[in-house]
Amino acid sequence: MSQAGKTKFQIDLRRHLREHYVNENLTHLICEIAEASKYIIHSISTGELGVAGTSNLYGEQQLALDVLADRILRKRLDHSRVVANMMSEEMDEIIPVSPDCDGKYSVAFDPLDGSSLVDVNLAVGTIVSIFEGCDLLQRGRKQVAAVYILYGPRTTLVYSVGKGVHEFGMNMLREYTLLQENITLEPQGNLYSPGGQRNLYTPGVEAYVQKLEDRGVKLRYSGGFVPDINQVLLKGQGIFFYPHLQNQPQGKLRLLFELSPMAFLIEQAGGAASDGRRPILDLQPEQIHERSPVFIGCKKDVALAEEFIRTLENQEEGPTEKKAKN
Ligand code: AFP
């Protein structure tokens, strides 16, 4: 939708949110996230690489950029006046910002996903999940918005508040202006983005990949969740998966601040996102750093993965059931 007399390319992010009748506080929050990305871009292009000398809850070495990006976003959200609680991949626990929940939002974010790719100059991104009120441990379907920023050859921002998925590009003045609205996915695609070691794939996933390859589907994998999902979204087709592995039944990616926001966006674009048996958005997180297997992209491609897993893998022991045992 563009205003009479204005081309859509002149519609900036704040105007677009207002034209979609997004309430003031949520508009302000999404614009604050966009503002923070400008400082993250600066730190990526000028900040020192290498380790920060600290590690996160997973025992993963925190890169200097991880810590810097986390601080930038945390500070921005702290001062936004519309955040109740926040949580990031780099934090050990939920950070309370305001005890008052009314009119406020709780935010879970991965400040710089794929940060280890920066030192080989590959694209990385920021992923943000937004819930109304104080509770972050909710099913992804309860999100009111999801945003990602992709720091690639161009810097782009994609958001949805449940009224379609829209893409913005950063211009010379560092403003985000509309590139395309209401992005949609085809029912089936011809690219796949397979995470994890193939020799650790379970029988159902291995058979699924074989089926895709027999169909002539092309492999496209960067090692960055944000660019790999962005590729599926903007090509309008394809599937990304980081499955349950023989030695990692929960896969690798985190539910709260990686999978839920991306699943929200992909479902808004007419695609699907599953843990191999159930929609990602229906999973009830039990703890903040929970991981889940993920198959996300075109509906038919996700359904085919579920079918192979259902018919070739132990019915009783789905990834979720396995987790209950550990
Ligand atoms: P890092 O943030 O540690 O670089 O991991 C990136 C990531 O979480 C996600 O962005 C990728 O999709 C996935 O890991 C790639 O994992 P593999 O390196 O095991 O393929």
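This is a predicted model: local features need pLDDT of at least 70, side-chain atom pairs count only at pLDDT 80 or more; totals for chains, interfaces and linings use all residues.
Q: Which residues are the closest to the ligand?
A: Those are Asp113, Ser116, Tyr221, Phe225 and Tyr242, out of 13 residues that surround the ligand.

Q: And which domains does the shell draw from?
A: Domain 1 (3–180) and domain 2 (191–325) each supply at least three residues.

Q: What lies 2.7 Å from an oxygen atom of the ligand?
A: That's a polar side-chain atom of Tyr242. Phe225 has a backbone N or O atom 2.9 Å from a ligand oxygen, and for an N or O atom in the side chain of Lys252 the distance to a ligand oxygen is 3.0 Å.

Q: How much of the ligand's accessible area does the protein cover?
A: The protein covers 77% of the 480 Å² that the ligand has on its own.

Q: New topic: which cysteines form a disulfide?
A: Cys101 and Cys134 do, with their sulfur atoms 1.8 Å apart. The count for the model is 1 disulfide.

Q: Where do Cys101 and Cys134 sit in the chain?
A: They are 33 residues apart and link distant parts of the chain. Cys101 is in the loop between strand 4 (95–96) and strand 5 (105–113), while Cys134 is in the loop between strand 6 (124–132) and strand 7 (145–151).

Q: Is the link left-handed or right-handed?
A: Left-handed, with -105 degrees about the S-S bond.

Q: Last one: is Cys298 buried or exposed?
A: Cys298 is buried, because its relative accessible area is 0%. Cys31 is buried at 7%, whereas Cys101 is partly exposed at 28%.

Conventions. Residues are numbered from 1 along each chain as its sequence is written. Side-chain values use heavy atoms; hydrogens and water are left out. A residue is near a molecule or strand if one of its heavy atoms lies within 4 Å of it. A polar contact is a pair of N or O atoms within 3.5 Å; within protein, one must be able to donate a hydrogen and the other to accept it, and residues adjacent in sequence count only if both atoms are side-chain atoms. Accessible areas come from the Shrake-Rupley method with a 1.4 Å probe; for residues, only the protein chains shown count as cover. Domain bounds come from an automatic or database domain assignment. A disulfide is a pair of cysteine sulfur atoms within 2.5 Å. Helices (H or I, at least four residues) and strands (E, at least two) are DSSP runs, numbered from the N terminus. Buried means under 20% relative accessible area, exposed over 50%, partly exposed in between (1.4 Å probe, protein chains only).
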